Amino acid sequence: MPWAQAREEARRLGARGGCSGARAVPLGGALGAVLARDLTALVGVPPHDAAAMDGYAVAGPGPEWTVLGRVLAGAVGAAEAVGRLLHGQAVEIATGAQVPDGTDAVLPYEHAVVSPAGGAPPDGRERVSGEIAPGRHVRRAGEDTFAGDTVVPAGTTVTPALVGLAASLGHDTLLVRRPRADVLVTGDEIAVSGRPGAGRVRDAIGPMLPGIAASSGAELVGEPRLLKDGLEPMSAALRAVRDAGTDVLVVCGASSKGPADHLRAALSAVGATVVVDGVACRPGHPQLLAYLGRPGVTGGPGGWPGAPAGPGGTDNPVPASADTPGTVVVGLPGNPNAALAAAATLLIPALRAMAGGPEADTALPPSMRVKGAVQPHAHDTRLVAVRVAGGQAEPVGYDRPGSLRGAALADAYAVIPPGWSGPHAALLWLPR
């Protein structure tokens with residue numbers, strides 16, 4: 001399948017399925033997720049008339065006021081205890097403190113002249129003088145946001161600033177969409193820690209998937225799991241994630257057509273529907289996209305009631321449809337750079353569409369001039385790792401399917417379709 005079409009199929013499948021539901025999570029746990037509903041203000045900002053500077057809250061035009069006392073931020077009832085200020089009266093006040101009723105302005109310390117020590121007036125109170133402008137350095141209640149206002153629309157990605165805003169509006173939790181993904185790493189030759197021994201290789205795909213998921217507004221349900229090669233272990237794993245209602249299953253290293261690659265046969269055994277079987281891109285050609293349907297009906301390998309049992313077992317799903325795709329399966333190649341390219345092609349678009357968030361960061365340029373000579377492939381789209389600097393995208397090299405060295409040095413993949421003649425190319429920005 002052409003590369004651009006495969007990405008669109010992934011986006012459509014993610015949008016059709018959505019994630020398993022919106023969840024209310026604590027503010028600190030919402031980062032990177034997508035708002036499931038509009039963020040509204042539970043309180044106004046500021047919630048009361050407040051001082052914007054340290055100094056004196058004054059009533060009347062001045063130029064001199066009698067100081068009645070002091071109001072500090074967080075002092076409950078301090079402003080009410082002072083009562084309403086009358087013309088010619090003032091209180092010393094801290095930034096953020098609630099100003100008493102009747103306050104016309106705040107006179108900052110640096111602009112105030114205080115009656116000299118030892119020169120107390122006949123009433124024994126301190127006096128302050130200076131020039132003010134009405135309303136100066138006073139933040140009125142609701143000046144920024146009124147209680148009940150819609151502040152941020154649903155579909156917005158939660159950032160640190162949005163978390164802080166939600167807290168200021170009185171929220172302790174946010175209702176978000178965050179797809180949940182499970183990861184299976186296949187291959188009897190895989191080592192998950194330390195230096196691999198003879199005939200073994202260190203898993204480089206599993207460790208990068210939590211970051212890829214998080215950057216796409218998703219989360220893993222646990223650590224990536226190592227799965228032994230074999231049709232039955234793969235079929236059992238597919239049935240388990242389908243029955244658990246997992247949004248996405250990422251299978252690493254079984255999407256090719258070698259003797260130890262059992263994903264296609266297992267998908268057939270459990271009645272899955274394959275949407276993408278191979279993508280015309282380099283690296284990452286042997287990638288796969290499918291959906292499992294939803295649990296609940298026994299049947300045969302096609303998933304239809306009454307069909308004969310297949311080799312993967314008899315627990316088959318309700319027939320998958322465009323409206324109920326159930327668990328989405330993304331098969332990634334076993335070579336690490338090919339897996340990253342495949343994740344950028346199928347996994348990331350599907351996850352972002354499930355979450356209901358933007359397809360890409362609109363703050364990043366979608367295309368750029370490519371520096372140097374890049375040769376297109378005759379039939380496949382090339383994904384070339386590039387570093388962005390000075391308004392240009394420069395290939396970094398080290399782009400073999402089995403090496404992440406180039407991708408680790410890069411900012412994006414430059415998308416080089418067949419027949420490309422340059423100099424500009426679309427950019428597929430790598431997860432951060």
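This is a predicted model: local features need pLDDT of at least 70, side-chain atom pairs count only at pLDDT 80 or more; totals for chains, interfaces and linings use all residues.
Residues are numbered from 1 along each chain as its sequence is written, and side-chain values use heavy atoms, leaving out hydrogens and water.

Stay on Glu92 and show the cartoon: Glu92 sits in strand β7, residues 89–93 (helices are DSSP runs of H or I with at least four residues, strands are E runs of at least two, numbered from the N terminus). Glu92 is buried, with 15% relative accessibility (buried is under 20% relative accessible area, exposed over 50%, partly exposed in between, using a 1.4 Å probe and protein chains only). Skipping neighbours within four places in sequence, the contacts of Glu92 include Gly55, Tyr56, Val67 and Arg70 (contact means heavy atoms within 4.5 Å).

Next, pick Ala385 in strand β25, residues 381–389. Ala385 is buried too, at 5% relative accessible area. Among the residues Ala385 touches, not counting those up to four places away in sequence, are Pro395, Val396, Ala410 and Tyr413. Draw a distance from the C-alpha of Ala385 to that of Asp399: 6.9 Å, for residues 14 apart along the chain.

Now for the largest pocket, with about 830 Å³ of space. (On a 1 Å grid over the protein atoms alone, a pocket is an open set of points where a 1.4 Å probe fits, with protein on both sides within 12 Å along at least five of seven lines; lining residues have an atom within 4 Å of a point. A volume is the space filled by probe spheres set on the points.) Select Arg352, Glu359, Ala360, Asp361 and Trp429, the closest to its centre of the 32 lining residues. Then colour α7, which gives the largest share of that lining, 5 residues. The lining has 19 nonpolar, 6 polar and 7 charged residues (Ala, Val, Leu, Ile, Met, Phe, Trp, Tyr, Cys and Pro are nonpolar; Asp, Glu, Lys and Arg charged; the others, Gly among them, polar).

Last stop: the second largest pocket, about 470 Å³. Select Ile205, Gly253, Pro333, Gly334 and Asn335, nearest its centre among 31 lining residues.
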